[in-house]
Amino acid sequence: MSHPAASVPAVTIRVPAKVNVQLAVGPPRADGYHDLANVFLAVGLQDRVTARPAPRLSITCAGPGSALVPLDGTNLAARAAELLAAHTGRERADVHLHIDKDIPVAGGMAGGSADGAAALLACAELWGTGTPREELLELAGRLGSDVPFAIVGGAALGLGRGELLTPLPVGGTFHWVFALADGGLSTPEVYRECDRLRGEDPAPAPEASPALLAALRDGDAYALAGALSNDLQPAAISLRPSLEDVLEAGSAAGALAGLVSGSGPTCAFLAPDAPTAARIATVLEGSGTCRAARATTSPAPGAGVLTISGA
Ligand SMILES: C[C@](O)(CO)[C@H](O)COP(=O)(O)OP(=O)(O)OC[C@H]1O[C@@H](n2ccc(N)nc2=O)[C@H](O)[C@@H]1O
Ligand SMILES: Nc1ncnc2c1ncn2[C@@H]1O[C@H](COP(=O)(O)OP(=O)(O)OP(=O)(O)O)[C@@H](O)[C@H]1O
């Protein structure tokens, strides 16, 4: 006897959030982007995207903040499905995508980018496109600067606008606490604010910090704490001054260091070990400076298949 649930093909991909342990931002380019030295680290918060055959492209989303996620063609997962269909000569993106969200929305942890990366992989698997990984990475870069890293995971240096990746060795597990904010920050607005604050001062060419790369390679949390940097942090704080209070609360709670994650408003705190991370999360939650705090570890693997069912 056939099993009805098993007869529905479905592919579920899990995909990690990121924190930028270094984000060096150069001057604005003619195309509106900024050259970066962007050191990405994938962390244990993850979304899941499930692809199933459907007459036409549709999206549903569940989980914290899902009400803020667009369900139309602007969703990065929808754009990924359309892009792969066009690239592989498929008539339509005939797929339903369901997003289980755990990555904070508009939080500077590349949640939308993660969903775009997961949708690319899910549709490639569901449609059996056989698209080589290099081609998927190139398509990912067209979707957004953060999308290729969600496929690669681990740690990587992103040059150009952040999409040209070189994987980096990581010599141990790092413990993090993420302070989640109410409401998001717009990435383009934060870059604009960064330019505005710099005024006429020329930004130096962005370069990866040798001390930071060594800290990652050695798995040395104390050295990493001393090397964390984010050129977008002053801009995020300028747009959301209350982030100063979050950073102070995390540091008073015993973090080795804290910084704004990417374009914010999520703040990331490095802890020496798991029990300290759990304690910092509890203190932050009670501090009234953030909506919630989550302890997790890094590095985490890039987007990958969680389940494939039916056929
Ligand atoms: C802040 C970071 O999350 C750090 O990883 C990324 O740089 C942002 O990456 P993303 O959200 O994938 O950004 P994209 O979708 O490529 O670009 C959105 C907007 O952010 C700004 N942007 C983005 C990347 C970059 N290197 N320079 C920029 O100025 C531009 O205004 C761009 O129009
Ligand atoms: N799948 C998606 N999930 C969340 N937001 C999405 C998605 N697709 C499109 N968006 C839009 O993108 C905006 C930014 O959301 P996202 O969660 O990617 O921000 P972010 O984590 O700050 O991004 P980044 O760190 O890459 O700059 C949202 O406000 C939303 O309108």
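Which element gives the largest share of the shell around ligand 2? The answer is helix 2, with four residues. Because helices (H or I, at least four residues) and strands (E, at least two) are DSSP runs, they are numbered here from the N terminus. The model is a predicted one, in which local features need pLDDT of at least 70 and side-chain atom pairs count only at pLDDT 80 or more, while totals for chains, interfaces and linings use all residues. Residues are numbered from 1 along each chain as its sequence is written, and chains are lettered from A and ligands numbered from 1 in the order in which they are written.

Around ligand 2 there are 22 residues, and Ala-110, Gly-111, Gly-112, Asp-115 and Thr-187 come nearest. A residue is near a molecule if its C-beta atom, placed from the backbone, lies within 6 Å of it. Two or more residues of this shell are given by each of helix 1 (76–87) and helix 2 (111–126). By class, the shell has nine nonpolar, eleven polar and two charged residues; Ala, Val, Leu, Ile, Met, Phe, Trp, Tyr, Cys and Pro count as nonpolar, Asp, Glu, Lys and Arg as charged, and the others, Gly among them, as polar.

The protein is divided into domain 1 (7–168 + 304–309) and domain 2 (174–298), with bounds from an automatic or database domain assignment. Contact between them, with C-beta atoms placed from the backbone within 7 Å, takes 30 residues from domain 1 and 37 residues from domain 2. On the side of domain 1 that touches domain 2, 22 residues are nonpolar, seven polar and one charged. Each domain also gives at least three residues to the shell around ligand 2.

Technical notes. Two residues are in contact if their C-beta atoms, placed from the backbone, lie within 7 Å.
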